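Welcome! Have a look at the sequence and the structure below, and then let us walk through them together.

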Amino acid sequence: MGVDLRQVVAGILTLAMFVMLGNMIKRDHFDSVEEKFPGSGRDTLENAKISKEGLSKKNSGPWKDDGQELKPCWSKPSAEDVEQTEGYVLFSLTNGPEYHVSQIADAVVVARYLGATLVLPDIRGTKPGDERNFEEIYDVEKFISSLDGVVRVAKERPGKLSTRNLAAVKVPNRVTEDYIVEHVEPIYRSKGNIRLATYFPSVNMKRIERKSSSDSVACLAMFGTLELQPEINEVVDSMVERLRTLSRKSNGQFVAVDLRVEILEQNGCQGGDESGTKSCYNAQEVASFLRKVGFGKGTTIYLTESKWDSSLDALKDIFPKTYIKDGIIPADKKSKFLDSEGSEFEKIIDFYVCSQSDVFVPAISGLFYANVAGKRIASSKTQILVPTDISDSSASASNFITHYVSKKNHLAYSCLC
C-alpha cells in the first residue's frame, strides 16, 4: 500500500502542535505557582544570589544599594627611592584582625623607611601559647607579591639574629616619619635589627590632613596586602551565602551586629563617654534601634557573640532570624574553627562577615568598628548604622550613618577616591 506524503506531513504538524500546547500549559502552571508563593524557586541557593542593582518594592526595611566604587589614590612606591640596609624588622600580629591591619601598616612603613627586610610575622592570640603561623590565616604569596618592589620580605626569621643584635622598639599606631627618625632609626643603626610592637594611643581611624611621603606605603599596606588563605576564605564565603539564603525574602540582604556579651559586662561599657554618647549597646537596645529605623521582623541578623547568652533573647524575640557562628558555619568546619582552644579563627570570621554584610551595626565602639568600617568603605559597603536611643516610635536610618561615611573622615578616604 502506498503512503500519502501529505498525510505524513499533516500528522507531524499535528503532533508538534500538541507538544507546544502541552509545554505552554506546563509553563503557565509553573509560573502561577511562583506567583502564589513568592520566594519559592528552583533552588534556594540560587535565590540567595540576588542582584543588588534594585530592591523589590515588596521588601520592607531601610536597605540601600552599595555606594560608589572607590579606586586606590596611591601610586605604588619604588624600592629604588630608599637606600637598602642589611638589617631586619620583626613583629607579631596580636589581638585580632582589627589590630592586624594597623600593625601591618606600621611595620611596613618602618621597614620601608629604614630600608630593612621585613620578616613575615607570626600571629599571637590573647591566650598564652595561642600562636599561629602567618599562613594559617593569611595568604602569604599575596602579601609578599603586593609588597614586591616596596619592601623586601623574608618568610622566616634569619638564624643569625639573637638578643645581642635585636632591640625591642614600640611605636604608636599610624607612626610618622618624624617619630621613626627620632625614636627608631638610632636604635636600628646601633643594633642592626629591631622587633617592633605597635601601641594604640587612640582607637579612632579618622583621616589626617597632614601629608607625608609614607602615606602611599601605609595605604598599600592597609588596603592592598592582606587576604585570607583559601580555606578560611571559603568558610567565610559559605557563611555569607548561608545568611543570604536565609534572607531570600529581603533580596538576600542581612545585618551584621558586633555585639559581645563579655565586653558589654565590662565596667567601661556601662555608662556613656564625656560627650554623653554611650560607647556600647545591649541586645534589647539594639533590637529597639533596628525596629525603629525600619527593619522588619523577618530581617536576618548575624551576631559576633560566640556562644548564645540568655541576654540575647531580647533581640531574638523581636528578630527571630538572629544567628551566631555556631548556627551557620559548615558542619565539617565547626571543630577546627569554633571548637579550637584559641579564639583567633572566630575573630577572623566575625571581622570578614561584618565586612561583607549589607548593613553593619557596631554595638561596641572601638578598633573593630573602625577597621571594619575602613574595609567596608574600600568595598563600597557604606551602610554602617551607629545605634542610639531613639525617643520617637520611628526614625530614618540615614540619620544614623557613621560619621566615618557621612563626613568622609575615615582614613580610608585618604587612600581611596
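The protein chain folds into 16 helices and 11 strands. Keep in mind as you look around that this is a predicted model. Of the chain's 417 residues, 45% count as buried.

Let us step inside. The largest nonpolar core holds 79 residues, and those touching the most other members are Leu114, Leu118, Tyr138, Ile194, Leu196, Tyr302 and Ile349. Helix α3, residues 97-114, is the top contributor to this core, giving 9 residues. Apart from this core lies another one of 30 residues, including Trp63, Tyr281, Leu303 and Ile318.

Which residues does Ile194 touch, leaving aside those up to four places away in sequence? Among them are Tyr88, Val89 and Leu90, along with Val110 and Leu114. The list also includes Leu166, Ala167 and Val169, as well as Val184, Ile187 and Tyr188.

| Helix | Residues | Number of residues | First to last C-alpha | Expected span |
|---|---|---|---|---|
| α5 | 177-191 | 15 residues | 20 Å | 21 Å |
| α14 | 367-378 | 12 residues | 16 Å | 16 Å |

Start with α5, whose reach is close to the expected value. At Val184 this helix has a kink of about 45 degrees, shortly before the proline Pro186. Val184 is also buried, as are Ile180, Glu185 and Tyr188 in α5. What do the buried residues of α5 pack against? Their partners are helix α3 and the strands β1 (88-94), β6 (167-172) and β7 (194-199). Just after α5 comes Gly192, which takes a positive phi of about 100 degrees.

Now turn to α14. Why can this helix be called largely enclosed by the rest of the structure? The reason is burial: 10 of its 12 residues are buried, so the rest of the structure largely encloses α14. The buried residues include Leu367, Phe368, Tyr369, Ala370 and Asn371. Val372, Ala373, Gly374, Arg376 and Ile377 are buried in α14 too. After the helix comes Ser380, with a positive phi near 70 degrees.

Note on methods. Residues numbered from 1 in each chain as written. Predicted model: local features only at pLDDT ≥ 70, side-chain atom pairs only at ≥ 80, totals over all residues. Heavy atoms only, no water. Core = buried A, V, L, I, M, F, W, Y, C linked by side-chain atoms within 4.5 Å. Buried < 20%, exposed > 50% of the residue type's maximum accessible area, 1.4 Å probe, protein only. Helix = DSSP H or I, 4+ residues; strand = E, 2+ residues; numbered from the N terminus. Contact = heavy atoms within 4.5 Å. Expected span 1.5 Å × (residues − 1). Bend = angle between axes of the 7 residues up to and from the residue.
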